[in-house]
Amino acid sequence: MRMSQYYLTLMILAVGGLFATATLGIRGSSLHLTLGLFTACLVVLLHSLVILFSLISSRLLREAHENCGLAPEFLKRSNHFFRERGGFFLALAGSFSIVAAGVLGYGERAFGLSSEVHLLAGLAAMCVTVVAIPVELRALSRSEALLDEAKEYLDREDERRAERGQAPAGSDHRPYRDSPLAVACFVALAPLLIYLYQALIVWRGDFGRVSLHPWLEVCALGLVLALVAARKQRRPERNGSKG
């Protein structure tokens with residue numbers, strides 16, 4: 001299943017959710033905020049999918065150029081989505097606008113804002129998403145076609161190398177992996193960020209309403225893993241200095 005097909009599925013759900021949320025909001029239904037939260041997540045996922053796929057496609061083509069002999073012309077074409085800027089900024093605007101509309105949904109209670117502010121923000125977010133959809137679809141189709149073309153190019157090069165008795169290009173390449181220390185630091189910091197988000201954003205600074213568990217335990221585990229990984233990194237350095 002191609003990425004554009006995933007995008008079309010998300011698009012149908014997101015657009016349907018936007019119109020359903022707007023209808024429930026105008027009618028004053030109690031389901032408006034619940035459906036709106038779910039729809040906001042879908043819209044953010046929709047726009048993020050395009051940005052991430054464009055980034056990953058560019059990275060794959062760069063790796064293929066540096067390690068497998070892919071022609072440099074593919075790199076120039078791969079940055080079209082970001083060089084054009086319109087699609088990239090539309091995707092960002094679509095994500096941020098729907099998040100802002102969701103935050104303003106609670107504005108009447110938290111910030112003393114009128115419901116019309118949330119209504120206008122929600123309609124603006126809908127418009128941005130609807131305008132961004134055809135641009136994002138073209139960007140996805142362009143990236144998919146470029147990856148297909150690059151695959152055919154590399155397959156032809158591998159066939160030529162096989163005829164000369166050579167191994168496929170890039171067969172000796174070792175992909176980069178995050179160090180155990182970096183992974184351990186992420187495990188230690190991520191629970192802290194989740195805890196602060198719940199305390200500062202969800203409960204607006206009322207730390208008494210947020211439990212430290214299981215975030216404290218996960219953070220402690222990450223610190224232990226970080227200490228172990230740091231010690232393992234120092235051992236080869238010490239052995240090398242002795243030699």
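Accessible areas come from the Shrake-Rupley method with a 1.4 Å probe, and for residues only the protein chains shown count as cover. The model is predicted, so local features need pLDDT of at least 70 and side-chain atom pairs count only at pLDDT 80 or more, while totals for chains, interfaces and linings use all residues. Residues are numbered from 1 along each chain as its sequence is written, and side-chain values use heavy atoms, with hydrogens and water left out.

The protein has nine helices and zero strands. Helices (H or I, at least four residues) and strands (E, at least two) are DSSP runs, numbered from the N terminus. Of the 243 residues, 27% are buried; the word means under 20% relative accessible area, with exposed being over 50% and partly exposed in between (1.4 Å probe, protein chains only). A contact means heavy atoms within 4.5 Å. Among contacts between residues at least 6 apart in sequence, 69% join residues at least 24 apart.

One place to look is helix α8, which covers residues 180–202 and holds Tyr 195. Tyr 195 counts as buried because its relative accessibility is 14%. Beyond its neighbours within four places in sequence, Tyr 195 is in contact with Phe 207, Val 210, Ser 211, Leu 212 and Trp 215. Trp 215 is 20 residues from Tyr 195 along the chain, and their C-alpha atoms are separated by 6.9 Å.

Leu 192 is also placed in helix α8. With a relative accessibility of 42%, Leu 192 counts as partly exposed. Leu 192 belongs to a nonpolar surface patch of about 840 Å², whose other members include Leu 189, Leu 196, Trp 203 and Phe 207. Patches are made of residues with over 30% relative accessible area and no salt bridge, where like charges are joined within 9 Å and nonpolar side chains (Val, Leu, Ile, Met, Phe, Trp, Tyr) within 5 Å.

Helix α7 spans residues 115–163 and contains Ser 143. Ser 143 is buried, because its relative accessibility is 12%. Not counting residues up to four places away in sequence, Ser 143 touches Phe 53, Ser 54 and Ser 57.

Charged side chains come next. Side chains of opposite charge can pair when their charged atoms come close. A salt bridge is a side-chain nitrogen of Lys or Arg within 4 Å of a carboxyl oxygen of Asp or Glu. The whole structure has six of them. One joins the side chains of Arg 2 and Glu 144, at 3.5 Å from N to O. This pair links distant parts of the chain, with Arg 2 in the segment before α1 (3–27) and Glu 144 in helix α7, 142 residues apart. Arg 2 is partly exposed at 37% relative accessibility, whereas Glu 144 is buried at 7%. Arg 2, Glu 144 and Asp 148 are linked in a network of salt bridges.

Other pairs lie within a single helix. Arg 59 and Glu 63 form a salt bridge with their closest N and O atoms 2.8 Å apart; both lie in helix α2 (residues 32–68), four residues apart, about one turn of the helix. In helix α7, Lys 151 and Asp 155 are likewise four residues apart, and their side chains meet in a salt bridge at 3.1 Å, N to O. Lys 151 counts as exposed at 53% relative accessibility, and Asp 155 is partly exposed at 33%.
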